[in-house]
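Hi,

Here is the structure I promised to send over. Have a look first, and then read on below.

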Amino acid sequence: MSMPSEELQLLIAGYVLGDLSPEEAAEFERLLEREPAIAEEITQMQKALEVSHVSPELAPPISLRSMILENAQIANSKTSIRTVSRPGRSLSWRSGMEVAAAVLIVALGINNYGLRQALQTSQTETQRYAALTYILDATSGNQGSATMVVNPNTLEATLVVKNLPPLPPGKVYALWTVLKPDAPFTTDQKQAILTEAFQVNDRSEFSQTLSVPKAYRSKKLVTKVAVTIEDSEAPQKHTGAPILIANL
């Protein structure tokens with residue numbers, strides 16, 4: 001591109017702000033047809049200006065504000081002593097301060113947007129969820145009980161199982177998290193996620209800290225927590241009926 005970068009930026013700012021004369025606007029549009037890459041710079045400046053109007057008022061760092069104001073003053077002084085020109089046409093501006101103000105608005109808008117995004121990210125990361133406790137009772141014809149306390153912040157749970165008989169070889173107990181049909185998670189045909197496979201000890205007990213699905217960060221998504229007996233080679237097939245269950 002033969003046009004100096006400084007002059008091009010002035011043209012883009014004037015075009016976005018609607019501060020070009022009809023002749024200058026027509027000339028710029030012809031330039032845009034020859035140089036399609038300029039359209040991306042126009043889009044970026046327009047987005048920055050839009051953000052500057054909708055972003056909450058956030059004061060930029062003092063160093064940034066000082067630097068922008070200083071550059072704006074320099075740009076204004078340069079504009080006041082010379083006219084940007086090219087062979088065959090001249091560019092007239094209402095005042096160099098309007099261009100400097102446009103640059104200032106864009107810079108502050110970008111800065112405010114960055115600060116707002118950082119604030120939102122920080123708030124999301126520091127959000128705290130209350131612990132969830134699930135009491136699993138034995139179904140008809142079975143025995144045993146279980147308690148699972150979930151920390152949704154760390155997605156860890158403490159599972160304590162009591163009074164379940166040891167299983168024969170080839171069998172395991174499987175802990176399932178059952179979700180609503182429209183939950184945005186991958187489940188099996190029973191809307192369940194295999195959460196843990198385990199064996200009880202010779203005292204018919206099991207206690208362990210385990211990882212749980214992200215669905216536990218929304219109480220409305222989890223409808224049941226259950227324990228079944230499954231084949232140890234393929235517990236994910238989920239063929240057993242619940243022997244312990246917590247209906248929510």
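Here is what turned up, starting with the aromatic rings.

A quick note first: this is a predicted model, with local features needing pLDDT of at least 70, side-chain atom pairs counting only at pLDDT 80 or more, and totals for chains, interfaces and linings using all residues. Residues are numbered from 1 along each chain as its sequence is written, and side-chain values use heavy atoms, leaving out hydrogens and water.

There are three aromatic pairs (Phe, Tyr or Trp rings, the six-membered one for Trp, with centres within 6.5 Å; planes under 30 degrees apart are stacked, over 60 edge-to-face, the rest tilted). Tyrosine 134 and tyrosine 216 have ring centres 5.7 Å apart and planes at 75 degrees, so that pair is edge-to-face. Both of these tyrosines are buried (under 20% relative accessible area, with exposed being over 50% and partly exposed in between; 1.4 Å probe, protein chains only). Tyrosine 173 and phenylalanine 198 sit with centres 5.6 Å apart and planes at 25 degrees, so they count as stacked. Tyr173, Phe198 and Phe206 make up one aromatic cluster.

Now for glutamate 196, which touches Tyr173 as well as Ala174, Leu175, Gln208 and Leu210, leaving out residues up to four places away in sequence (contact: heavy atoms within 4.5 Å).

Finally, leucine 179 has 2% relative accessibility, so it counts as buried. Its C-alpha atom is 8.9 Å from that of lysine 190, eleven residues apart along the chain.

Cheers
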